[in-house]
Amino acid sequence: MPPVDLPQVPWIEGVSVIPYLDASSATAEQRRFVTDLHRDGVAVFDLGPDATDLIDRATADAERFFRPGKRRAQDVWRRSRAVRDLASHTKLTDMLALAYGRAPFAFQTLNFREGSEQHAHSDVAHFHSQPPRFMCGAWIALEDVTADAGPLFYHPGSHRQRIFEMRDAGVEGRRPKRGDYAAHYVDAFARQVAGEPRPALLRKGQVLVWAANTTHGGLAIQRAGATRRSLVTHFFFEDCVYYTPLYSRPETDELYLRLPADVRTGGVVWPKRDGKPVPLGPRPLAQALRDKVGRIVRVD
Ligand SMILES: O=C(O)CCC(=O)C(=O)O
């Protein structure tokens, strides 16, 4: 049996979010955040003036990792206390705990100095959970975003679409492998994206959270040299199984399991199913150990 009181569907993904909020002690700001996330698959709030100093320290710490021609620095939190604290900011984790009904933990950070110009995608191709949809992304603006700097974009309401899997992209009858995403998935996903992208013109200190299946990406940079510093943090939630769908075949339960880091503690979070630890093979253990001991920051 699952641990008592843990929802099997995130509140923001279900149909009972309003009575749930009515029975909670949510503030007006939290209530707006949760209802926006439920309706649109994205929601924005402000970390407030108290976070300005932390944002400035996190921005300065990340700066030394960027390289010419590279877009992002992954897991700077392993080298920066400020990035670590910002990624796990209490106001953010409180919002997520309320919205999902389980305790969130940040497992990865991405610092950007410029726009990513990333194709439209949904994070559930990269990170997913059992039970499903206990995953989300948080995009923190480290400076004001201008329309010509290649803002983040999203498709409101896309979180409600059916999850697009590797087999929908034609990778069938076998486990997906490295290269299948670029060769098959990206274009197939793009063909089924509906509606107009909406740019996220955030001010410094604002946070945009997207739900697991919300379509998003980065718009083209219109002004050479424009910066758009941001910190993206990906979250999972307690007591789930964590896996990488790109290399998994969920229909036959062949999952590429993960042993995610816990950014706040520096440890790892062992996957659980129905409250019981799930056995892991040597690969995720070795990966977690390498990242932790090496304090690895990936720049790409
Ligand atoms: O910041 C961006 O332009 C996109 C970031 C993104 O899509 C992601 O990290 O999943």
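Good morning. I begin with strand E3, in which 9 of 9 residues are buried, so defined by at least 20 other C-beta atoms within 10 Å. Please bear in mind throughout that this is a predicted model.

E3 covers residues 104-112. What lies beside this strand? Strand E2, residues 72-74, pairs with E3 in the antiparallel sense through 3 bridges. Within that pairing, Gln74 has Leu110 of E3 as its bridge partner. E3 is also joined to E10 by 8 bridges, and these two strands again run antiparallel. There, Phe112 stands opposite Ser230 of E10.

I turn now to the ligand. The shell around the ligand contains 13 residues, and those that come nearest are Ser116, Gln118, Leu152, Gly218 and Val232. Which strands supply at least two residues each to this shell? They are E3, E9 (216-218) and E10 (230-237). E9 makes the largest contribution, with 3 residues. By class, the shell around the ligand comprises 8 polar, 4 nonpolar and 1 charged residues.

Finally, I come to helix H5, residues 90-100. Its buried residues are Leu92, Met95, Leu96, Leu98, Ala99 and Tyr100. What covers them? The cover includes E3 and E10, together with helix H2 (28-40) and strands E1 (42-46), E5 (135-141) and E8 (206-211). Just after H5, Gly101 adopts a positive phi of about 80°.

To return to the opening point, E3 supplies at least two residues of the ligand shell and is among the elements that cover the buried residues of H5. Thank you.

How values were computed
Residues are numbered from 1 along each chain as its sequence is written. This is a predicted model: local features need pLDDT of at least 70, side-chain atom pairs count only at pLDDT 80 or more; totals for chains, interfaces and linings use all residues. A residue is near a molecule or strand if its C-beta atom, placed from the backbone, lies within 6 Å of it. Helices (H or I, at least four residues) and strands (E, at least two) are DSSP runs, numbered from the N terminus. Ala, Val, Leu, Ile, Met, Phe, Trp, Tyr, Cys and Pro count as nonpolar, Asp, Glu, Lys and Arg as charged, and the others, Gly among them, as polar. A residue is buried if 20 or more other C-beta atoms lie within 10 Å of its own, exposed if 12 or fewer, and partly exposed in between; C-beta atoms are placed from the backbone. Two strands pair if DSSP finds at least two bridges between them. Two residues are in contact if their C-beta atoms, placed from the backbone, lie within 7 Å.
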